[in-house]
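Morning, everyone. I have one model to show today, and I will keep it short.

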Amino acid sequence: MKFEWTVALRFLREGRMQTALIIGGATIGVGLIVLITGLINGLQGDLIRRTLGTLPHIVVRPPDEINRGQLAQAQGGIGAASAAAEKARLSLPDIPSNAEALASTQRKVEALANTQARAQRLRSIDQWQQLAAQISATPGVVAVSPNVSGAALALRGEADKAVNLQGVEPAPFLRVTKFDEKITAGTFQLNTGDIVIGTQLAKDLGVGIGDKLRIQTARNAGDAFTVRGLFDAGNRDANRRNVYVNFRTGQSLLDLAGGASNIDISIEDVFRAEEVAKALRQRTDQQVESWIETSSQLFVAISNQTFFTRLIRIFVAVIVAVGITSVLVVSVVQKQKEIGILRAMGAARGAILRVFLLQGAVIGLAGAILGSGFGTLLMAFISRVFKSPDGSAFLRLQIAPELYAAAVGISLVFGVLAAIMPARRAASLDPAQAIRI
Amino acid sequence: MSQPILALKGVRKTYNAGTDVAQEVLHGIDLELQSGEFVALIGPSGSGKSTLLNIIGLLEPATSGSYRLDGREVTQLSEDEMTRARLETLGFVFQFHHLLPAFSALENVQIPGLMRDGSYTPERRAEALRLLEAVGLKGAEQKKPAQLSGGMQQRVAIARALALSPKLVLADEPTGNLDTKTADDIFALLRRFNQERGTALLVVTHDADLAARCDRVVRLVDGVIAEDKLIHASAAPV
């Protein structure tokens, strides 16, 4: 290969301007790909962070309660009632008595229909400790946090606010939600008697760090709690509604001693949430919901964006490849005589083929390395100049090694692919003719 | 008597064979060259000299007939085998010296070695330097072809043709575009290598004076050998 390398590099050096231009083109192309990828990854990451906020990627809940006997009865009842209603409708002209009959029938139908779906009381997941352990061992799962959550009232003085009480184990909970990033005052400290509330609720109740408030539920007269931390989840409703207490405290307040009403899960790759959820569904008859299901619009928006980004990247790569091809085609024509001499002197067709494939590879590689630098500079520039409304960087500079590795790999492959046609042309030159030019 | 370095028997070449415009340009050539011979191939334009040289140089195949190069039948070789045989057995000197412009004189001379061995070896480098010195280019080793005169370029080309010590060197109008004095020098150089190294030479030329200084003159007319005469006793043992 030494011969091929020597000749390839020398040919590239000889065609200075051409080589510089095409490497410049490849640099811009790769830079653009790096930039677009970085930009979209950054934006999507941001979008997911902002929209999903502190929501877990997957939630496991107990299945809905359905009373089967009652359900059948309700269905039979509806049948009878609607037959009665139909009869009533047919005899509609006799207005006074029949109208009354119709109304009563409708009431009956409604009553029966109402029994169809049972009120879902707060329940614990069956065998949740075992399930949580199983989930932890599932590939792709990063953290698992069993919680209890339910309705409660927050009281202070004259004020009372309906809140969503969450009992959590701080360590696993923070691993799942990274909630500590949202704390604006105090800490996420949850010993018995501690509570963490949102900034909005704090304002509504007029409390600050160290102040006390009372939490009460339908089943428990409640307790006084000391505010240890305030959070801003980036969502006013969450800031007003969600309060966090110790897991055990939550269990006793919600009358779920030893139970967990849901298991929150965070996973490595958020886009594989549905796959992981599916795997979990096969193992348990609990309800498993991924964010992809619950925030399907966001997911569709993101996957469309990903698709179009990919399309743009492919087109850029193809344009660069076409550029490399055309430069090499010209180079083959320019170097016909030299190729002829080399062939006459005894260079095999394969060697000539490799000389040009190597040139494609070198251009691709040089473009990839320079382009990675160029793309990074562009990203750095954008993250410095463009700011979000809140003053933070619009794009976080992400130096992802995989991105650069992929840029180099793809550029190398495209460089070689681009060189195939010119290389074959060069290799098929007839030396007897080429040396006569 | 050693076996001939080159033996053609009944070699014919037809272009566009099998079509309406089929044209036979060589009508049965019989030619033998002994190692160490210095032979001129002369003939008018269109006589088939270039075609014959291409066939001998394994740059194109004969349509029929037999060709043994250094004792080996080469008419049935594949393209890659012919390429290999060119590299190992033959040296070429072209009319327009055909050096690689991107490489220095020294590198040009080392290219055949690089092709064969896949690396620059110190021995090859020393040999290349010796050859450049022998052709009178000591001191110009690092110069690019464009920095050398036509005669100097042709000297580099001769050094390159001899780099792998081929048994047969084919020279196509090696002095064709040089002035008389330079042409004389180049011819003398070829003669010197022929005598010192015993390299057989087949030189295509238009120049009757130069042809007269060879050991043997083969005249090709209309695709047949019209004349083949020994004019000097060959320097090398036959």
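I will go through the sheet of chain B and then the interface with chain A.

This is a predicted model, in which local features need pLDDT of at least 70 and side-chain atom pairs count only at pLDDT 80 or more, while totals for chains, interfaces and linings use all residues. Residues are numbered from 1 along each chain as its sequence is written, chains are lettered from A and ligands numbered from 1 in the order in which they are written, and side-chain values use heavy atoms, with hydrogens and water left out.

In chain B, four strands make an open antiparallel sheet, ordered β2-β1-β4-β5. Strands here are DSSP runs of E, at least two residues, and helices are runs of H or I, at least four, numbered from the N terminus; two strands pair if DSSP finds at least two bridges between them. At the edges are β2 (23-33) and β5 (72-73) of chain B, each pairing on one side only. Two bridges link β4 (residues 64-69) of chain B to β5(B), and B:Leu69 sits opposite B:Arg72.

Now the interface. Contact means heavy atoms within 4.5 Å, and by that rule 27 residues of chain B touch 22 residues of chain A. Three salt bridges cross between chain B and chain A, the rule being a side-chain nitrogen of Lys or Arg within 4 Å of a carboxyl oxygen of Asp or Glu. B:Asp80 and A:Arg349 form a salt bridge at 3.6 Å, N to O. On the chain B side, α1, α2 (79-89) and α3 (105-117) each give two or more residues.
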